[in-house]
Amino acid sequence: MIVIEKETAADAAAIDSLLDIGFGPGRTGKTVYQLRQGPSLPELSLVARTGFEARVGASIRYWPIDVKDGGTTLPALVLGPLVVDPELQGKGLGRTLVARALEEADQDGWNLCLVVGEPSYYAPYGFVPAEPFGFELPGPVDQRRFQVRGAPELLETLLATPRTRPVRPWSGRASGVENIGGSIHAA
Ligand SMILES: CC(C)(COP(=O)(O)OP(=O)(O)OC[C@H]1O[C@@H](n2cnc3c(N)ncnc32)[C@H](O)[C@@H]1OP(=O)(O)O)[C@@H](O)C(=O)NCCC(=O)NCCS
């Protein structure tokens, strides 16, 4: 049996092992990791547990980020990492985690989400190429894999006002606010 639940502090080591297998130990050197500072958002960090021991077989995490848009800052999410134990791959677990967490993100009021991943995997959830919107990560990225999902009216507005939009770690962390939800962050 597979159960999807919120990640707990006790899952950290098991998730790290899965990430080492899925992405390799050098994964934290990737540009997208610069956006993942401090803890991930607890309400959007899910695990899939399997078997009687409820072993962690898959994980998805999200971090809050800032998108600088001229003089203002847009609250946004960065999706991932997403990882599934090789023994459990191909059974729909990855897609279930993505869909479940995005549904929660929508309910929490997040209207902008970035990901660096395979376009064919994320397109079914409404992700489109990020490059036309001017988003600029704090380092090199394969533009083919850099995608965004957002509220249609927001994406239309961004497209209508072309400019470079630097993406940075969430600045609220530095001000000491630790645990946020989308609605609070967006306020
Ligand atoms: C990518 C990953 C999360 C998919 O998890 P999963 O549970 O096997 O995926 P699902 O069973 O939900 O979906 C399977 C579908 O995804 C596709 N898929 C799997 N890995 C893929 C990849 N790297 N790129 C594109 N498509 C992929 C399969 O071809 C399959 O397609 P189909 O539904 O048309 O047959 C898993 O393979 C993994 O952990 N890989 C290592 C880490 C990684 O690459 N993470 C994702 C970063 S974008």
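Visitor: How do you know that the span of helix H1 agrees with its 12 residues?
Guide: At 1.5 Å a residue, the 12 residues of H1 (residues 12-23) should span 16 Å, and the end C-alpha atoms are 16 Å apart, so the two agree. The expected span is 1.5 Å times one less than the number of residues, and a helix here is a DSSP run of H or I, at least four residues, numbered from the N terminus, while a strand is a run of E, at least two. Just after H1, glycine 24 has a positive phi of about 90 degrees.

By the way, this is a predicted model, where local features need pLDDT of at least 70, side-chain atom pairs count only at 80 or more, and totals for chains, interfaces and linings use all residues. Residues are numbered from 1 along each chain as its sequence is written.

Visitor: Which residues come nearest to the ligand?
Guide: Gly22, Gln89, Gly94, Gly117 and Glu118, out of 16 around it. A residue counts as near if its C-beta atom, placed from the backbone, lies within 6 Å. H1, strand E4 (72-84), helix H2 (93-107) and helix H3 (119-122) each give the shell at least two residues.

Visitor: What does valine 78 touch?
Guide: Leaving out residues up to four places away in sequence, Val78 touches Val32, Leu35, Arg36, Tyr62, Trp63, Ile65, Leu114 and Val115. Contact means C-beta atoms, placed from the backbone, within 7 Å.

Visitor: How confident is the predictor, on average?
Guide: The protein averages a pLDDT of 92, on a confidence scale from 0 to 100 for each residue. Over residues 177-187, though, pLDDT stays under 50. Where pLDDT is low, the predicted coordinates should not be read in detail.

Technical notes: Two residues are in contact if their C-beta atoms, placed from the backbone, lie within 7 Å.
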